[in-house]
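Me: I would like to learn how to read the features of a protein model with some care. Could we go through them one at a time, with the general idea before each case?

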Amino acid sequence: MIFFSQQTTADGQQRPRRKVGCLGGCLIFFAVYFICSALLGWLMGDMFSASTMDLKDQTVYRLQLKGTLVEQAQEENPFASLMGSMPYSSYAQQETVGLDDILSNIRLAKTDDRILGIWLDGGQLSMAPASAKAIRDALLDFKASGKWIIASAKNYGETNYYVASVADRICLDPTGAVGWYGLVAQKMYYTRVMEKIGVEMQILKVGTFKSAVEPYFRTSMSDADRQQTKEFLDGIWAEYKTAVGASRHLTEAQLDALANRYMPLQSAEENLKAGLVDTIVYQQDMDSLLRVYTGTKDYKTLTTGKLAQVKRPESKASDKIAVLYLEGAITEEDGDGIVGKEVIKTLKKIRKDDDIKALVLRVNSPGGSADASEQIWHAIQNIKADSIPVVVSMGDYAASGGYYISCGADYIYAEPTTLTGSIGIFGTIPNVAKLRNKIGLDIDDYGTNKYSTLEWNMIYKGMNPEEHALMQNMIERGYDLFTSRCAEGRHVSQDYIKSIGEGRVWLGNKGKEIGIVDEMGNIDNAIAKAVELAGLESYKLVYYPDVVDPWEEILKSFDHTTDEEKLILKVREFCSKPRIMALMPEVEIK
């Protein structure tokens, strides 16, 4: 097997909701439990609430910075309150908020006079730098309306503080602090673990910077990986300092000096004295401050999910712009991310709709299956062949396989802190010969031809030089195909793509300099470009895929795998079968 590494919209369109498959395998107990819970919720009047919310005068948008940010908002789960208290359920830890809802709500808040201002409540939303910048830019645009933003939190995570720094007033709990200490990229290396169990990972790759395989044969970063990690981490930190400095009237030198003091361990008073916050106030007392800002004690607040249900004006246009979200790892047949066969089915559906005049791809992926990436690329080219322009909006990541499916677009937007590129591939083939000897497992075989037993032998005996050369040749062909797709899409020579490829990860702004990205911008910019390329005067947006049904979310909530078990599963996944990947290095930025 070969691998590479409708809610309401801003213009009033309704997104379809996904229909999920059979719940086969679910225990009768849970089926009865949830049916009874649903009936109870209906009788109480909160199970089937209206699909739209009334927006009243003197409203504050309460943008809660907590949970995990995802690209596309999920349908509100009517069982949320029940799931959080059930045994073996991890629902409470899986709360997500959609970037699409947040951006749509901020746009609405800017123009609707019933919304007085925005309250950034909390500071622990899990999000990557590119998504954080999209939110921060939207908040800056909101301030152009003359309306206010206030922020409050017990503690601010560093990326959350980067967002909150746009506020007119930043409040901090007396017992809290600001997470300002610089960024770190952390990577785990499994080489010694695998040595202990007797597994050797046989590595084939193209690209000096293709470091995603390093955890399986090194115990630390290579010089090339350290160089690229330094460059993109320094670039993100520079963006944080520039943006925060402009909002807080602090120099980059001052911000570096504060980071070197490790502000999370400083008192609230020290954070106030340093100029990171404006007011020290208990979170529970924010009502008093909100009364001052709203000028009334009768103000109302709406959270992100509720405000997203407020009805927007509906477009009557017949022409459509399709927006397709592609988020997660790329797989062929199944998985939680970008599933090749499902994406191709959706692209065919889009192609058949004569009213769709342009396609926007929102890509947030570190890579995945080689065949799926090629098949998705081909399906996109089929759409372009029908004279339908395709524009890409890159999210936090659009690297390796994620860049593969992006490179053929007519125009590509990225955030300055998007991680992209990583044009290169690698193969991993586990050799369990030592493990086999440890446990006393003997094997024998007979093959009719020279390489009849190749797949068996390279795992249980290890590749010989000739077999290794065959596999490396396949890797080289894969890299040649990958770079040819990039060259064709970017209208440059393949040699040039190879010169800036080598598996190297680039920030979005550097990607523009070297020509793998066209312009800095967000999904709104991408939609505007699609409208321009399609020559439309009026249009409506349609969104794909359908949003996940609450039942699917409920089933997933019973996964309570520990971090240790996830680590074991990760190693087992790499050791389970030979595979060739186009995947960016796995890196956790903190």
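Me: Which residues gather in a patch of positive charge on the surface?

Reply: Before the case, a word on what is shown: this is a predicted model, in which local features need pLDDT of at least 70 and side-chain atom pairs count only at pLDDT 80 or more, while totals for chains, interfaces and linings use all residues. Residues are numbered from 1 along each chain as its sequence is written, and side-chain values use heavy atoms, with hydrogens and water left out. Patches are made of residues with over 30% relative accessible area and no salt bridge, like charges being joined within 9 Å and nonpolar side chains (Val, Leu, Ile, Met, Phe, Trp, Tyr) within 5 Å. Lys and Arg count as positive and Asp and Glu as negative, with His and the chain ends not counted, and the place of a charge is taken as NZ of Lys, CZ of Arg, CG of Asp or CD of Glu. Here the positive surface patch is formed by R192, K196, K434 and K438. The elements that contribute two or more residues to this patch are α6 (191-197) and α15 (433-439), where helices (H or I, at least four residues) and strands (E, at least two) are DSSP runs numbered from the N terminus.

Me: Which residues make the nonpolar surface patch?

Reply: Y181, Y262 and L265 make a nonpolar surface patch of about 320 Å², with accessible areas taken from the Shrake-Rupley method with a 1.4 Å probe and, for residues, only the protein chains shown counting as cover. Y181 lies in the loop between β6 (169-172) and β7 (185-186), and its relative accessible area of 31% makes Y181 partly exposed.

Me: How many helices and strands does the protein have, and what share of its residues counts as buried?

Reply: The protein has 22 helices and 24 strands, and 53% of its 590 residues count as buried. Its accessible surface comes to about 27,000 Å², and carbon and sulfur atoms account for 52% of that area.

Me: What is W237 in contact with, leaving aside its neighbours within four places in sequence?

Reply: Contact means heavy atoms within 4.5 Å. With those sequence neighbours left aside, W237 is in contact with E158, W180, G182, L183, D256 and A259. W237 is found in helix α7 (residues 223-248), and W237 counts as buried because its relative accessibility is 11%. W237 and P129 are 108 residues apart in sequence, while their C-alpha atoms are 9.6 Å apart in space.

Me: How should I read a salt bridge, and how many salt bridges are counted?

Reply: Side chains of opposite charge can pair when their charged atoms come close. The rule used is that a side-chain nitrogen of Lys or Arg must be within 4 Å of a carboxyl oxygen of Asp or Glu, and by this rule the count comes to 28 salt bridges. One of them joins the side chains of R107 and D524 (2.7 Å, N to O). R107 lies in helix α3 and D524 in helix α20 (residues 523-534), so this pair ties together parts that are 417 residues apart in sequence. R107 counts as partly exposed at 29% relative accessibility, and D524 counts as partly exposed at 32%.

Me: Where do E342 and K345 lie?

Reply: E342 and K345 both lie in helix α12 (residues 340-352), three residues apart, which is about one turn of the helix, and their side chains meet in a salt bridge (3.8 Å, N to O). E342 is partly exposed, with a relative accessible area of 37%, whereas K345 counts as exposed at 53% relative accessibility.

Me: Which residues are linked in a network of salt bridges?

Reply: A network of salt bridges links R261, E270 and K273.

Methods: Buried means under 20% relative accessible area, exposed over 50%, partly exposed in between (1.4 Å probe, protein chains only).
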